[in-house]
Amino acid sequence: LALHAARGDWLPTGRQDGEETQHGTRLLWQEIISATPNPAFRRIEVRVADPGDPQTVLRQMSGFLVRAPRHR
């Protein structure tokens with residue numbers, strides 16, 4: 001979430017899946033991006049799972065991205 005906010009990402013609604021390795025441990029991640037009643041906000045739910053048991057979520061968090069105007 002912090003990386004998306006720092007980069008100023010504005011993600012399309014839907015789902016994104018991926019895989020990362022941290023300290024030799026392989027992890028699956030999933031982001032579910034939803035619209036909100038305020039069109040300037042998007043809700044993001046991030047889930048991390050063990051590849052050996054993808055149905056078991058190890059960590060989960062949610063937050064919001066704000067569509068901020070770009071300054072030139």
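## Burial and overall dimensions

A residue is called buried when its relative accessible area is under 20%, exposed when that area is over 50%, and partly exposed in between, with a 1.4 Å probe and protein chains only. By this criterion, 21% of the 72 residues of the protein count as buried. The structure is a predicted model, in which local features need pLDDT of at least 70 and side-chain atom pairs count only at pLDDT 80 or more, while totals for chains, interfaces and linings use all residues. Residues are numbered from 1 along each chain as its sequence is written, and side-chain values use heavy atoms, with hydrogens and water left out.

Taken along the principal axes, the C-alpha atoms of the protein fill a box of roughly 45 × 25 × 15 Å. The accessible surface, computed by the Shrake-Rupley method with a 1.4 Å probe and, for residues, with only the protein chains shown as cover, comes to about 5,500 Å². Carbon and sulfur atoms account for 52% of that surface.

## Secondary structure and strand pairing

The protein contains 1 helix and 4 strands, arranged along the sequence as α-β-β-β-β. These elements are DSSP runs numbered from the N terminus: helices are H or I of at least four residues, and strands are E of at least two.

Strands are said to pair if DSSP finds at least two bridges between them. Strand 2 and strand 3 run antiparallel and are joined by 8 bridges; a hairpin of 5 residues connects them. In this pairing, Gln 30 stands opposite Arg 47 of strand 3. Strand 3 (residues 41-50) also pairs with strand 4 (residues 53-66), in the antiparallel sense and over 10 bridges, and here the hairpin has 2 residues. Across this second pairing, Arg 42 faces Leu 65 and Arg 43 faces Phe 64, both partners lying in strand 4.

## Nonpolar core and contacts

A nonpolar core is a set of buried Ala, Val, Leu, Ile, Met, Phe, Trp, Tyr and Cys residues joined through side-chain atoms within 4.5 Å. The largest such core has 5 residues, namely Leu 11, Ile 33, Ile 44, Val 46 and Leu 65. In soluble globular proteins, nonpolar side chains tend to be buried together.

Contact means heavy atoms within 4.5 Å. Leaving aside neighbours within four places in sequence, Ile 44 is in contact with several residues, including Leu 11, Ile 33 and Leu 65, as well as Leu 1, His 4 and Met 61. Among contacts in the protein between residues at least 6 apart in sequence, 29% join residues at least 24 apart.

## Two individual residues

Ala 49 lies in strand 3 and, at 7% relative accessibility, counts as buried. Not counting residues up to four places away in sequence, Ala 49 touches Leu 27, Leu 28, Pro 54, Thr 56 and Leu 58. Ala 49 and Arg 59 are 10 residues apart in sequence, and their C-alpha atoms are 7.2 Å apart in space.

His 23 lies in the loop between strand 1 (14-22) and strand 2 (25-35). His 23 is exposed, with a relative accessible area of 85%. The phi angle of His 23 is near 50 degrees, a positive value in a residue other than glycine.
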